[in-house]
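Welcome! Here is a short tour of the pockets and aromatic rings in one protein model. Have a look at the structure first, then read on.

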Amino acid sequence: FKRLQDFFIHVCHLALSVGTLENMVSRMAKKARPIWDGFRQTLEQSKNVGGDETGAKVNGKKQWIWVWQSALITFIAISVSRGAEVINALFPQGFPLGTFCSDRWKAQLNTLAKKHQMCLAHLLRELEFLMQTEKTNWAKQFKELLLKAIKLKQALPAYPTDHPDALEVEKQMDELLKETIPDDAAKTKTLRKSMSRYRAFVFPFLYDANTPFENNASERAIRNVKVKLKVSGQFKSGHQDYCILRSVIDTAIKNGQPVFNVLAVMARMPKPEKAAV
């Protein structure tokens, strides 16, 4: 807000208080809120959705900014919780028609969805760490198998379930989960246990051209949050307004719409009598 004040004073020769600027942002967020809620409703029926979350301080206390996104929509929300209750409140039906891609956070993995895709980029980073610390052959083999599956995806967008290459990858995964891991490799054992539980979440991307093997799109959607927090340190107010407006801005960018024009149209909209959510 201080930078905005400086802009209006030095460029526009207009003195505006911080309170005035906050009220302007708040009015815009109120107008955008029904649009924001429409994004949520559309995502519920989407065929491919990614999700992620990141910590953010609000007046010195940690909260969590969540993102759910598709190729055309970004929906960002903030909560004091990182638990499943946030997902259940916003998406009570989950994603009944879609494949949900996420990292290994339990609340995300337990989200209701037609299918789940675990982010292989996260898995590869975890395996690299295990290879350096516990140095198990299992972690090395698992990493090689994931890289092999990614190469298959790069060669062909989608495989029939009875394709020999896909069957071979699935077979190797099953064999890997049966291997014995040394007792001194506790973290590797924990990962294998998790992979056994969520075995069906590893290779869905091989059979659907539109399902990615990584969740990078969700990380990109949430990157602006991290940039903002690096600059300002925390939110003092307006955190919910930020989530609503950033959802609109990122969605506009995804759809090739000029952000300024979108915001200008929204600014001319009448203020809703009552927020949709």
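## A charge over a ring

A charge sits over a ring if NZ of Lys or CZ of Arg is within 6 Å of the ring centre and within 35 degrees of the ring normal. Here, the charged end of Arg82 is found over the ring of Trp105, 3.7 Å from the ring's centre.

## About the model

This is a predicted model, in which local features need pLDDT of at least 70 and side-chain atom pairs count only at pLDDT 80 or more, while totals for chains, interfaces and linings use all residues. Residues are numbered from 1 along each chain as its sequence is written, and side-chain values use heavy atoms, leaving out hydrogens and water.

## Aromatic pairs

Rings of Phe, Tyr and Trp (its six-membered ring) pair if their centres lie within 6.5 Å; planes under 30 degrees apart are stacked, over 60 edge-to-face and the rest tilted. By this rule there are 13 aromatic pairs. Phe7 and Phe8 make an edge-to-face pair, because their ring centres are 5.4 Å apart and their planes stand at 75 degrees. Phe7 is partly exposed at 41% relative accessible area, whereas Phe8 counts as buried at 19%. (Buried means under 20% relative accessible area, exposed over 50%, and partly exposed in between, with a 1.4 Å probe and protein chains only.)

Phe95 and Phe100 form a stacked pair, with 5.2 Å from centre to centre and 15 degrees between the planes. Phe95 is buried, at 0%, and Phe100 is buried with 0% as well. These two belong to one aromatic cluster together with Trp36, Trp66, Trp68, Phe75 and Phe91.

## The largest pocket

On a 1 Å grid over the protein atoms alone, a pocket is an open set of points where a 1.4 Å probe fits, with protein on both sides within 12 Å along at least five of seven lines; lining residues have an atom within 4 Å of a point. The largest pocket has a volume of about 1200 Å³, a volume being the space filled by probe spheres set on the points. Its lining has 27 residues, with Phe1, Leu4, Val25, Lys228 and Tyr242 nearest the centre.

Which helix gives the largest share of this lining? Helix 2 does, with six residues.

## The second largest pocket

The second largest pocket has a volume of about 260 Å³. Among the 17 residues lining this pocket, Asn48, Gln69, Ala71, Pro212 and Ala217 are the closest to its centre.

Definitions and conventions. Helix = DSSP H or I, 4+ residues; strand = E, 2+ residues; numbered from the N terminus.
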